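Here is a short report for a first look at this structure. Keep the sequence and the 3D view open as you read.

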Amino acid sequence: MTETVVFAVCAVCAVASGAAVFVVDSMARATFALLASFLLTAAAILLLGLSYLGVLVVLMMIMEMMVMAVFMIMYMMNPAGLMPMTMVHNKAGSLVVSVGVFLLLAAGAVFVPWPERTGEPPADPTLALGEAVMGEHMLVMMLVGLVLFATMVAATVLTTHRGRYERYGDDLRRESPDDPIGGGLDR
Amino acid sequence: MSGAAPLWTVLLVPVLLFAFGYGAAAGTAALRARAAGTAPAAGLTAPARESARLLVQRRRTIPGADTLLWRLGGALVPVAAVLAALVVPLGSMAVGDLSVGVVWFNAMEVVLWAALWMLGWGADSAWGLVGGYRFLVQGLSYELPHMFALTAAALGAGSLRVSDVVAAQEQVWFAVLMPAAFAVYLVSALAMAFWGPFGTPVGRDLAGGAAAELSGVDLLVLRAGRYVFLAVVAAMAVPLFLGGGAGPLLPGWAWTLVKTAGVVALLVWLGHRLPAVRMDRFTEVGWVVLVPVTLLQVLVVAVFVLTR
């Protein structure tokens, strides 16, 4: 009973704060409305007994939304995003599309014939979920993770316009690098 | 070596935290008084006098401020500290001995990122905004080494439960077993509480930074929250690296308090002694030195755990 109430409150508030993202007129408030929505979703994950995943969602979402806030505000069309703004263009159209998609997904969740539970929940649901999702493919998943990380590093290296020749001169003979922002190690 | 404490102990957590926070503030005031050549003893009452002054000071309101985010940011600082402290055991009892206590502690710490940025943004002040962004850069520099330091302790115990981490230190404290992780934890503790050398987000060069426009009770909440945060990161060092409540003669809770007081004193003294660190410098140190150091530390701990 308590779980149902908590879930209902969190679910309604998550949707409401999700909608608030498009109602508020400041990028900062939009960021934190979205963050609130994510945190309320984390509460639902915690209700499933997936404590590790739930707390991890809290941790990661706060960090990534704060980094996101920097970029969201940086790329605003008005200076630093300090002026009132709206997240929505074509208000009527976007409202119809978003309500339609929400109803479609909610209908899917409500009307799908969910299977009856057989047996007891496992002692460690996080472990069980990990094995159900990853199963035999743990090695592949770890390799994919490494490849993704390498791709990100490589993409950053390729897009940066400064390489070692800019830093150490054409013949790489400069004693200390010529950087726009000096680091702490002088290398 | 486990067990959830009775529910009333929830009330004890903020009381103890604020006591340690007051101690940190008093110690700082005493150190400053001694450096200025005045009587250090006056520092003991300085936080109380300053609090009384701030309580009667008029609260500043600013046109164009985002009051909701501004006030929320300030309030989140002490709230996050108390929430983080729920998993810190006193002796052998914690209010909530979660199976993922270490992750919970870390998650409550990063609430501070949002809090400081909200504070800086909300005031509609360039100084505040720069201070808020400074703290984000600081966060991106200390957070990964900090996480790997926590990982090293959890890996040494084979569990994310704080009481298991304490139990794993029966033979030897993790501060001895993994000194690099402990050192990095202390550095990141200073950075997390934006204290001492890492105080530039609220630094004087920014006219107070994220705290530039705060006054009265709002400033009191932030300052008290920062000292409480310093207390909680110091308190967590005890179960993670200093053997929790283990020690001769005294009961576990007393040893926890003694060790916590020791770590708080160390952090306060370091904060007083060390010069400010510029974030453009520390970022490189964090990523080029601290991340590899903690990764190697985790590797060493992993090998140790496997061969034990």
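## Chain B at a glance

In chain B, residues 24 or more positions apart account for 79% of the contacts with a separation of 6 or more. Two residues are in contact if their C-beta atoms, placed from the backbone, lie within 7 Å. This is a predicted model: local features need pLDDT of at least 70, side-chain atom pairs count only at pLDDT 80 or more, and totals for chains, interfaces and linings use all residues. Residues are numbered from 1 along each chain as its sequence is written, while chains are lettered from A and ligands numbered from 1 in the order in which they are written.

Chain B has 11 helices and 0 strands. Helices (H or I, at least four residues) and strands (E, at least two) are DSSP runs, numbered from the N terminus. From that end, the elements of chain B read α-α-α-α-α-α-α-α-α-α-α. The radius of gyration of chain B is 19 Å, close to the 19 Å from the globule rule for 308 residues, so chain B is as compact as a globular protein of that length. That radius is taken over C-alpha atoms, and the rule is 2.2 Å times the number of residues to the power 0.38. The C-alpha atoms of chain B fill a box of roughly 60 × 40 × 40 Å along the principal axes. Of its 308 residues, 54% count as buried. A residue is buried if 20 or more other C-beta atoms lie within 10 Å of its own, exposed if 12 or fewer, and partly exposed in between.

## Helix H9 of chain B

Helix H9 of chain B covers residues 216-241. Its 26 residues reach 38 Å from first C-alpha to last, close to the 38 Å expected at 1.5 Å a residue. The expected span is 1.5 Å times one less than the number of residues. H9(B) is mostly covered, with 22 of its 26 residues buried. Just after H9(B), B:Gly243 takes a positive phi of about 75 degrees.

How do two helices pack? Two packed helices are described by the angle between their axes and the distance between the axes. The axes of helix H2 (residues 46-56) of chain B and H9(B) come within 6 Å and cross at roughly 145 degrees. Here axes are lines fitted to C-alpha atoms, for helices over the stretch in contact, and angles run from 0 to 180 degrees between N-to-C directions. From H2(B), the contact uses B:Ser51, B:Leu54 and B:Leu55. From H9(B) come B:Gly216, B:Val217, B:Leu219 and B:Leu220. By class, this contact has 5 nonpolar, 2 polar and no charged residues. Ala, Val, Leu, Ile, Met, Phe, Trp, Tyr, Cys and Pro count as nonpolar, Asp, Glu, Lys and Arg as charged, and the others, Gly among them, as polar.

B:Phe194 lies in the loop between helix H8 (179-192) and H9 of chain B. Its phi is positive, about 35 degrees, although it is not a glycine. Is B:Phe194 buried or exposed? B:Phe194 is buried, because 27 other C-beta atoms lie within 10 Å.

B:Ala207 is found in the loop between H8 and H9 of chain B. Phi of B:Ala207 is near 55 degrees, a positive value in a residue other than glycine. B:Ala207 counts as partly exposed, because it has 16 C-beta neighbours inside 10 Å.

## Chain A

The secondary structure of chain A comes to 7 helices and 0 strands. A compact globule of 187 residues would have a radius of gyration near 16 Å, but chain A has 23 Å. Its C-alpha trace spans about 70 × 50 × 25 Å along the principal axes. Of the 187 residues of chain A, 14% count as buried. Residues 24 or more positions apart account for 52% of the chain A contacts with a separation of 6 or more.

Helix H4 of chain A runs over residues 91-111 and holds A:Val110. H4(A) is hardly covered: the count of buried residues among its 21 residues is 0. A:Val110 is exposed, because 8 other C-beta atoms lie within 10 Å. A:Thr151 sits in helix H6 (residues 138-159) of chain A. A:Thr151 counts as exposed, because it has 10 C-beta neighbours inside 10 Å.

## Where the chains meet

How many residues of chain B are in contact with chain A? There are 22 of them, and they contact 20 residues of chain A. Helix H4 (101-122) and helix H11 (279-307) of chain B each supply at least two residues of the side that touches chain A. H4(B) gives the most to that side, with 10 residues. By class, the side of chain B that touches chain A has 16 nonpolar, 2 polar and 4 charged residues.
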